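I opened my notebook to look through one protein model. I wanted to go through its parts one at a time.

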Amino acid sequence: MAKAPIKPITLKELAAMLDLSQSTVSRIINGEATAHRIAEETQQRVLHAAALNGYVANTMARGLRQKRTYTIGVIVPEISEGYSTTVISGIEDELLKDGFFYFVASHRHRADLLEGYPRMMLARSVEGIIAVDSPMNEELPVPVVSISGHDRRDGVINIELDHDQAAHLALAHLKSLGHKLIAFIKGQAFSSDTVLRWQAIVQAARDLHIEIDDRTVVQLQSPEPGPAPGQEMTRQLLQSNHPFTAIFAFNDVTAIGAISALREAGLRVPKDISVLGFDDITAASMHHPPLTTIHQPLRSMGQVAASTLLSLIRNEIPHPQPEAITVYPKLVVRKSTGHIISLAEASSQTAEAQAAAFRTPDIPS
């Protein structure tokens with residue numbers, strides 16, 4: 001026999017079940033609890049009971065009455081473990097509290113999609129757009145918040161990391177361990193952070209009297225997510241036969257790829273080469289060895305982006321609007337960086353290890 005559909009609980013029934021007024025329950029369900037100073041404990045009790053009993057707010061009807069869609073568009077380069085997913089989780093935290101729906105589109109660095117996705121989102125009546133590491137080149141009729149976009153123009157508020165502080169923390173840490181021969185893996189040309197971060201690294205190196213050898217600076221080329229591009233660039237560094245005792249990678253995924261390539265070459269991390277990453281993704285603390293990295297507060301950046309966008313939609317941010325909101329990094333020291341014995345000895349050992357890793361074996365005649 002076919003089962004009869006379960007009748008959804010009504011707002012009146014939900015309020016009676018919780019011994020609360022219908023207006024209180026409605027305000028919580030519709031994301032208006034903070035404005036009405038409703039206790040967090042009460043909010044959680046209502047939301048839990050609503051989910052448990054299958055109560056669904058009539059968002060469409062509410063939107064039609066108020067000429068609202070309660071929908072946000074989120075544009076990212078790609079959806080993979082690491083940067084984008086952590087940022088999205090922070091965006092989700094904030095939007096769900098306010099009863100907003102969102103959808104995500106990944107452009108994979110294709111110019112046609114970067115141009116087309118905002119238009120498609122506008123056609124679906126989004127009330128605002130969050131762009132994650134994605135340039136927004138057109139003026140849009142809705143509020144825009146950009147994470148790591150560095151796009152200085154009207155109508156866009158940027159959520160940005162203090163890259164100067166991040167670069168100084170990283171290089172000061174490596175210098176404190178005795179490293180002066182440092183190799184660098186720069187980000188891809190299409191990444192919004194690449195130029196700004198490299199400028200910060202160059203300035204921090206100058207301030208700390210660390211010489212950057214152009215022969216040990218490489219740049220990621222492949223748009224492929226994951227550690228493979230980092231492996232490829234580290235092999236290139238090793239094959240150059242220019243000595244280095246540490247690698248500062250553009251991000252954690254690249255650093256993980258670098259460690260893999262170093263092991264492949266018979267080098268130990270950090271005994272032979274120290275490796276330092278950037279972002280502090282979840283995998284950084286679980287890798288072997290756990291990765292020393294610059295912590296970028298990715299989840300918080302997502303939360304700040306979403307709350308800022310909602311404030312823009314509600315016209316709660318006074319004019320003139322700020323161009324940028326700055327967040328700050330932390331150095332997280334784990335086990336992928338270590339002291340060197342002496343610069344001369346480290347340079348000699350590293351050069352020998354590099355040569356041995358790529359020495360052509362003798363072939364018996």
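**Entry 1: the model.** I noted at the start that this is a predicted model.

**Entry 2: the sheet.** I asked in what order the strands of the open sheet lie. Six strands run in the order β2-β1-β3-β4-β5-β11, and their pairing is parallel. Next I looked at the edges. β2 (101-106) and β11 (324-327) stand there, and each has a single partner strand, so one side of each has no neighbour in the sheet. I also looked up the twist. From one strand to the next, the twist averages 20°.

β1 (residues 71-76) pairs with β2 in the parallel sense over six bridges.

**Entry 3: helix α1.** Which residues of α1 (residues 11-18) are buried? I found Leu-14, Ala-15 and Leu-18. Seen down the axis of α1, the buried residues fall within an arc of 100°, so they line one face of the helix. I recalled a general point here. An α-helix has 3.6 residues a turn, so residues three or four places apart point the same way. I then turned to the face away from the buried side of α1. That face carries Lys-12 and Ala-16, which are exposed. Just after α1 comes Asp-19, and Asp-19 takes a positive phi of about 60°.

**Entry 4: the cavity.** How many cavities of 30 Å³ or more does the structure hold? It holds one. The largest cavity has about 90 Å³ of space. I went through its lining, which includes Phe-184, Trp-198, Phe-248 and Phe-278. β6 (182-186), α8 (194-207) and β8 (246-249) each supply at least two lining residues. The largest share comes from α8, with four residues. By class, I noted eight nonpolar, two polar and two charged residues in this lining.

**Entry 5: the second largest pocket.** I wrote down a volume of about 500 Å³ for the second largest pocket. Of its 29 lining residues, which are closest to its centre? They are Glu-78, Tyr-83, Gln-188, Phe-250 and Asn-251. Phe-250 is also among the residues that line the largest cavity. Both α5 (83-97) and α10 (252-264) supply at least two residues of the pocket lining. α10 gives the most, with four residues. By class, the pocket lining has twelve nonpolar, nine polar and eight charged residues.

Technical notes. Residues numbered from 1 in each chain as written. Predicted model: local features only at pLDDT ≥ 70, side-chain atom pairs only at ≥ 80, totals over all residues. Heavy atoms only, no water. 1 Å grid on protein atoms, 1.4 Å probe; cavity = no way out; pocket = protein on both sides within 12 Å on 5 of 7 lines; lining within 4 Å. Points joined across faces, edges and corners; volume = space filled by probe spheres on them. Nonpolar A, V, L, I, M, F, W, Y, C, P; charged D, E, K, R; others polar. Pairing = 2+ DSSP bridges. Axes fitted to C-alpha atoms, helices over the stretch in contact; angles between N-to-C directions. Buried < 20%, exposed > 50% of the residue type's maximum accessible area, 1.4 Å probe, protein only. Arc of directions from axis to C-beta.
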